[in-house]
Every structure is written in C-alpha cells, then in structure tokens.
Amino acid sequence: MKKLEFGLMTFADMEPETVPGKGISAHQRIQNLLHEIKLADELGIDVFGIGEHHREDYSVSTPTTVLAAAAAITRNIKLTSAVTVLSSDDPVRTYQQFATVDLISGGRAEIMAGRGSFIESFPLFGYDLSDYNQLFEEKLALLLAINKSEKVNWSGNLRAPIHHLGVYPRALNGEIPIWLAAGGTPASAIRAAKLKLPLMLAIIGGMPENFVPFINLYKKTSLENGTSMEELQLGINSHVFIGENDEEIADEFFPHYAQMMNRVGKDRGWQPMSREQFEFMRSERGSLLVGSVEKVVNKIVLEHQLFGFTRFMAHSSLGTAPPELVLKSTELYAKEVIPRVKKRLGVAP
C-alpha cells in the first residue's frame with residue numbers, strides 16, 4: 001500500500017470584534033493559528049493547510065505570509081495553501097512566494113490551487129467574473145510552466161505574455177508539489193488527471209459515497225493519460241472535530257459549527273442548520289466527522305474504502321470553536337485517530 005499522509009487545515013475563521021470583549025481580533029486569531037501549526041508539527045502530523053479569503057470573518061488573506069512564519073517555528077510538517085485562489089492572483093508572484101516559503105522551511109512548501117468557493121477576490125483585484133473559468137485555466141498553465149522551468153515562455157489571452165524571462169528564487173529541491181483542489185465538478189477531475197496533478201476533493205455536505213463517480217472519473221482519466229495507480233495521489237478533505245465523549249463533543253461543537261455554516265449559507269440561500277441536520281451529517285454515511293475517536297476512525301476508514309485516498313486532510317479548526325477544544329481535537333487526531341486508522345488499514349505507523 002502507498003504511504004498515507006494525514007493533515008490538518010483551516011480557514012482561520014474569526015468572529016470580528018464588534019464591541020469590546022466580543023469576538024476575536026485578527027492578531028489573536030493568527031497567534032492561535034501559529035500555535036495550532038506548531039502543535040501539529042510536534043505531534044508528527046504530515047501536513048498543514050491554510051485557506052485564502054478576503055472577508056472580515058476570516059483572518060488570512062495571504063496564506064504564504066502565515067506559512068512563512070510557520071516555517072520558521074516548525075521542523076518537519078509540510079506547509080500548503082488550502083487553497084490559493086489562483087484565478088485572482090498572479091502565477092509569477094504565487095510561485096515566488098511559495099518558493100520563498102520552501103527555502104525558509106527547507107523544502108516543505110506545497111501549493112493547493114483552486115478557483116475558490118468565494119468570489120470576493122475578483123472585484124477586489126479587478127477581475128471580471130465572466131472570465132472565471134478562463135482565468136483559472138490560463139493561470140494554472142502559467143504556474144505549471146514556471147514550476148517546471150527557470151526560464152519561461154508563455155502567452156495567453158487574459159495576461160501579458162512572458163518572453164524567456166527567469167522567475168526567482170527557485171524552490172529548494174526543484175519543483176514545488178502542486179495539488180488541484182476541487183468540489184466535485186467533473187471538469188475538475190478531468191483537468192487534474194490530464195495535467196497529471198494530485199487531486200484534493202472537499203466533502204463538506206451530503207454523503208461521501210455520492211462522490212465515488214467523481215473519484216472514479218479522476219482515476220480512469222489519469223490512467224488514460226499515463227499516470228499509474230502507484231503514482232496517483234488523491235486527497236480527501238472533511239470537516240472533523242474530535243472529543244473524548246461522542247455526545248458531549250457534539251453538544252459543545254454544534255453551536256459553533258451551525259454559526260459558521262449559517263454565516264456562509266446566508267449569502268448562498270441555505271436554510272439555517274438544525275440539530276437534526278447536524279446529527280444526520282454525523283451519522284455513519286454522512287459527511288461530518290464529529291464525535292468520539294472511535295466514530296471518527298470508523299468514518300475515515302470508510303472514506304478510504306470508498307476512495308483509496310493517499311492523503312486525508314481534517315478541516316478541524318472551524319468557526320468559533322474555542323482554542324482549547326481545537327487543540328484537544330488536534331491531540332486526539334494525532335495520538336489516537338491516526339494510529340488507529342493506520343492499524344485498521346494495515347499501514348505502518
């Protein structure tokens with residue numbers, strides 16, 4: 001069996017300080033985040049990812065800045081975006097920033113590129129949403145070209161061409177690993193497979209089994225384009241929160257999770273989350289991995305049986321969950337869940 005990696009990721013959610021003593025400042029949230037990453041490294045977790053957002057309810061708009069800070073206080077953990085909204089960024093600067101993180105960290109930087117599920121960055125940086133798909137396709141092609149070669153020749157329709165120019169600094173050990181992030185659109189599976197890129201699928205609703213056709217499409221197209229099953233890398237990202245007692249952690253976590261989902265869903269026309277919906281999502285076939293160590297282990301094993309992933313990312317620092325609960329969940333994930341999953345799957349510790 002291929003090596004299995006287990007990671008953590010966060011969007012660094014925050015409740016802005018609207019009145020004194022209410023909410024949390026961006027300063028404090030980022031300090032908490034650095035503490036989370038340092039703990040994850042000390043516990044032997046393989047990778048940590050940070051999302052990019054441009055809203056008042058998230059504290060990180062430039063993941064590379066925080067990843068660079070994390071690189072200086074960690075030793076082994078891989079550091080990635082989750083995701084870089086490439087459509088509204090410049091691939092040259094994206095590569096340069098991640099190459100810098102790579103140099104600071106001693107070769108631990110990765111990029112998870114995606115189109116982004118929020119659109120705030122497009123008007124903020126002067127991009128037309130009607131170019132949503134073309135922007136991503138062109139910029140991904142440019143980023144891959146830069147990653148492959150020090151000197152770049154490239155031309156597209158939505159960005160000025162580059163004529164045999166060098167992009168510096170270069171990553172420590174050649175290329176930076178680049179993953180393609182997806183939410184389940186078949187075109188994303190086909191794109192990742194044809195470009196021979198690792199795929200990261202976010203499953204944050206519904207039932208994981210519904211995504212099996214999507215993953216099978218990625219695998220089939222990868223094989224057709226010359227990637228062997230031994231080479232194929234596939235990641236699954238799920239919402240995860242772990243406690244000592246199944247019902248107690250559900251009771252503690254539900255208000256924070258519902259607040260987060262309702263905040264995001266308000267702009268998207270979602271119905272407010274009920275406790276019944278939360279419990280369905282926590283059930284055996286649901287997408288939410290919240291509960292005791294045993295429950296979370298069983299659900300990760302089930303997802304591996306469904307997809308055969310090589311990397312599992314626990315989106316664990318969610319919403320307004322208190323830091324002490326987040327750190328406890330992280331410890332249980334590293335010390336209890338990961339070893340038990342590996343044992344169940346017959347993977348070396």
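Helices and strands here are DSSP runs, numbered from the N terminus; a helix has at least four residues and a strand at least two. The model is a predicted one.

**The whole chain**

Begin with the entire protein displayed as a cartoon. Its secondary structure comprises 11 helices and 12 strands. Along the principal axes, the C-alpha atoms fill a box of roughly 60 × 50 × 40 Å. A compact globule of 349 residues would have a radius of gyration near 20 Å, and the protein agrees with this because its own value is 20 Å. Of the 349 residues, 52% are buried. Among contacts with a separation of 6 or more, 70% join residues 24 or more positions apart.

**The loop between S3 and S4**

Select Val83, which is placed in the loop between strand S3 (78–81) and strand S4 (84–85). Most residues other than glycine have a negative phi, and most peptide bonds are trans. The bond from Ala82 to Val83 is cis, and its omega is near 15°.

**The loop between S1 and H1**

Select the loop between strand S1 (5–10) and helix H1 (26–42), where Ala12 is located. Ala12 is not a glycine, yet its phi is positive, near 55°. Is Ala12 buried or exposed? Its relative accessibility is 0%, so Ala12 counts as buried.

Gly23 belongs to the loop between S1 and H1 too. With a relative accessibility of 36%, Gly23 counts as partly exposed.

Select helix H6, residues 186–194, and colour its buried residues: Ser188, Ala189, Arg191, Ala192 and Ala193. What covers these buried residues? The cover includes helix H5 (132–148), strand S8 (178–182), strand S9 (199–203) and helix H7 (212–224).

Continue to Lys196, in the loop between H6 and S9. Lys196 has a positive phi of about 60°, although it is not a glycine. Its relative accessibility is 51%, so Lys196 counts as exposed.

**Helices H8 and H9**

Two packed helices are described by the angle between their axes and the distance between the axes. Select H8 (residues 246–266) and H9 (residues 275–282); their axes come within 11 Å and cross at roughly 125°. This angle makes H8 oblique to H9, and the crossing is right-handed. To see the contact, display Asp246, Glu247, Ala250, Asp251, Phe253, Phe254 and Tyr257 on H8, together with Arg275, Phe278, Glu279, Met281 and Arg282 on H9. These contact residues divide into 6 nonpolar and 6 charged, with no polar ones.

Select Ser292, in the loop between strand S11 (289–291) and H10. Is Ser292 buried or exposed? Ser292 is buried, because its relative accessible area is 14% and the limit for a buried residue is under 20%. Apart from its neighbours within four places in sequence, Ser292 is in contact with Ile242, Gly243, Glu244, Asp246 and Ile249. One of these, Asp246, also takes part in the contact of H8 with H9.

**Helices H10 and H11**

Finish with H10 (residues 293–307) and H11 (residues 323–345). The axes of H10 and H11 are 9 Å apart, and the helices pack at an angle of about 45°. H10 and H11 are therefore oblique to each other, and H10 passes H11 in a right-handed crossing. On H10, show Val293, Val296, Val297, Asn298, Ile300, Val301 and His304. On H11, the contact is made by Leu332, Tyr333, Glu336, Val337, Arg340, Val341, Arg344 and Leu345. The residues of this contact divide into 10 nonpolar, 2 polar and 3 charged.

How values were computed
Residues are numbered from 1 along each chain as its sequence is written. This is a predicted model: local features need pLDDT of at least 70, side-chain atom pairs count only at pLDDT 80 or more; totals for chains, interfaces and linings use all residues. Side-chain values use heavy atoms; hydrogens and water are left out. Axes are lines fitted to C-alpha atoms, for helices over the stretch in contact, and angles run from 0 to 180 degrees between N-to-C directions. Angles under 35 degrees count as roughly parallel, over 145 as roughly antiparallel, 65 to 115 as roughly perpendicular and the rest as oblique. A crossing is left-handed if the near helix is turned anticlockwise from the far one by less than a right angle, and right-handed if clockwise. Contact means heavy atoms within 4.5 Å. Ala, Val, Leu, Ile, Met, Phe, Trp, Tyr, Cys and Pro count as nonpolar, Asp, Glu, Lys and Arg as charged, and the others, Gly among them, as polar. The radius of gyration is taken over C-alpha atoms; the globule rule is 2.2 Å times the number of residues to the power 0.38. Buried means under 20% relative accessible area, exposed over 50%, partly exposed in between (1.4 Å probe, protein chains only).
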